[in-house]
Amino acid sequence: MKGGSAIENGEASRAATARAGGVNRGLSIFDFILRLVALIGTLGSAISMGTTDETLPFFTQFIRFKAEYNDLPSFTFFVIANSIVAAYLVLTLPLSIFHIVRSGSRVSRIILILLDAAMLALLTAGASAAAAIVYLAHKGNARANWFAICQQFNSFCERISGSLIGSFGGIVVFILLIFLSSVALSRR
């Protein structure tokens, strides 16, 4: 009787391990897809902001007003932060593929959670700094004599506002990635 129950327990244990491995493999595939989505969002945001400029003529053709992303340090920080995060995502894609093949690895998942949290902080800082300047560009601040420039530089403001969407989307994806990795670790 004891031998039969040990065999049944062993089979039940193998079946539970196989189910957990299948769930972890599914989570790893979803992790890979989310990393691709975040890569597209952050890289698109960096390119969109980094190529933004607009020139407006003044009274004559010799005097012009020009707005570029690198006129404001917050936008430069935004481009650098999104570029670093996009490069990080490219470097972690092979590790994500490794997790699909070997869904039981714990140490690399823990390292990924820590690095993902650091990239989430960097991306949040860059997007928040740029969002504050975009708000000032749209609304201005009468008390500080900062005028809303978006009435004159409409195309510039549309592009900088649009680039924030990809970056904030990347923030949401990183939160999901950290959550997924935590769930995959807890299922072991």
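1. A residue is called buried here when its relative accessible area is under 20%, exposed when that value is over 50%, and partly exposed in between. On that basis Phe 75, a residue of helix H2, counts as buried because its relative accessibility is 1%. Please keep in mind throughout that this is a predicted model, and that the values below are computed from it.

2. On the overall layout, the protein chain contains 4 helices and 2 strands, and read from the N terminus these elements follow the order α-β-β-α-α-α. Of the 188 residues in the protein chain, 37% are buried. Among the contacts with a separation of 6 or more, 76% are between residues 24 or more positions apart.

3. The UniProt record, in an unreviewed entry, places the feature "transmembrane region" at residues 32-52, 72-98, 110-137 and 164-185. Two of these spans can be described from the model: residues 32-52 are 90% helix and 0% strand, with end C-alpha atoms 30 Å apart, while residues 72-98 are 96% helix and 0% strand, with end C-alpha atoms 40 Å apart.

4. The largest nonpolar core has 37 residues, and the members that touch the most others are Met 49, Phe 75, Phe 78, Leu 89 and Phe 174. Two or more residues of this core come from each of helix H1 (2-50), helix H2 (73-101), helix H3 (107-139) and helix H4 (154-186), and H4 provides the largest share, with 12 residues.

5. Leaving out residues up to four places away in sequence, Phe 75 touches Met 49, Tyr 69, Ala 130, Ile 133, Val 134, Phe 156 and Ile 160. For Met 49, the separation from Phe 75 is 26 residues in sequence, and the two C-alpha atoms are 7.4 Å apart in space.

6. Phe 78, which also belongs to helix H2, is buried, with a relative accessible area of 0%. With residues up to four places away in sequence again left out, its contacts are Ser 45, Met 49, Gly 126, Ala 127, Ala 130, Ser 163, Leu 164 and Ser 167. The C-alpha atom of Phe 78 lies 8.2 Å from that of Ala 125, although these two residues are 47 apart in sequence.

7. How do the axes of H2 and H4 cross, and how far apart do they come? The two axes come within 12 Å and cross at roughly 40 degrees, and H2 and H4 are therefore oblique to each other. Their crossing is left-handed. On the H2 side the contact is made by Phe 75, Phe 78, Asn 82, Val 85, Tyr 88 and Leu 89, and on the H4 side by Phe 156, Ile 160, Ser 163, Leu 164, Ser 167 and Phe 174.

8. H2 and H3 pack at an angle of about 155 degrees, with their axes 9 Å apart, which makes H2 roughly antiparallel to H3. The crossing of H2 and H3 is left-handed. For H3 and H4 the packing angle is about 155 degrees and the axes are 9 Å apart, so H3 is roughly antiparallel to H4. The crossing of H3 and H4 is likewise left-handed.

9. Ser 181, in helix H4, is buried, with a relative accessible area of 2%, and beyond residues up to four places away in sequence it touches Asp 31, Arg 109 and Ile 113. Gly 26, in helix H1, counts as partly exposed at 36% relative accessibility. The C-alpha atoms of Gly 26 and Ile 100 are separated by 7.8 Å, whereas along the chain these residues are 74 apart.

How values were computed: Residues are numbered from 1 along each chain as its sequence is written. This is a predicted model: local features need pLDDT of at least 70, side-chain atom pairs count only at pLDDT 80 or more; totals for chains, interfaces and linings use all residues. Side-chain values use heavy atoms; hydrogens and water are left out. A nonpolar core is a set of buried Ala, Val, Leu, Ile, Met, Phe, Trp, Tyr and Cys residues joined through side-chain atoms within 4.5 Å. Buried means under 20% relative accessible area, exposed over 50%, partly exposed in between (1.4 Å probe, protein chains only). UniProt positions are given in the numbering used here, feature names are shortened, and annotations may be inferred rather than shown by experiment. Axes are lines fitted to C-alpha atoms, for helices over the stretch in contact, and angles run from 0 to 180 degrees between N-to-C directions. Angles under 35 degrees count as roughly parallel, over 145 as roughly antiparallel, 65 to 115 as roughly perpendicular and the rest as oblique. A crossing is left-handed if the near helix is turned anticlockwise from the far one by less than a right angle, and right-handed if clockwise. Contact means heavy atoms within 4.5 Å.
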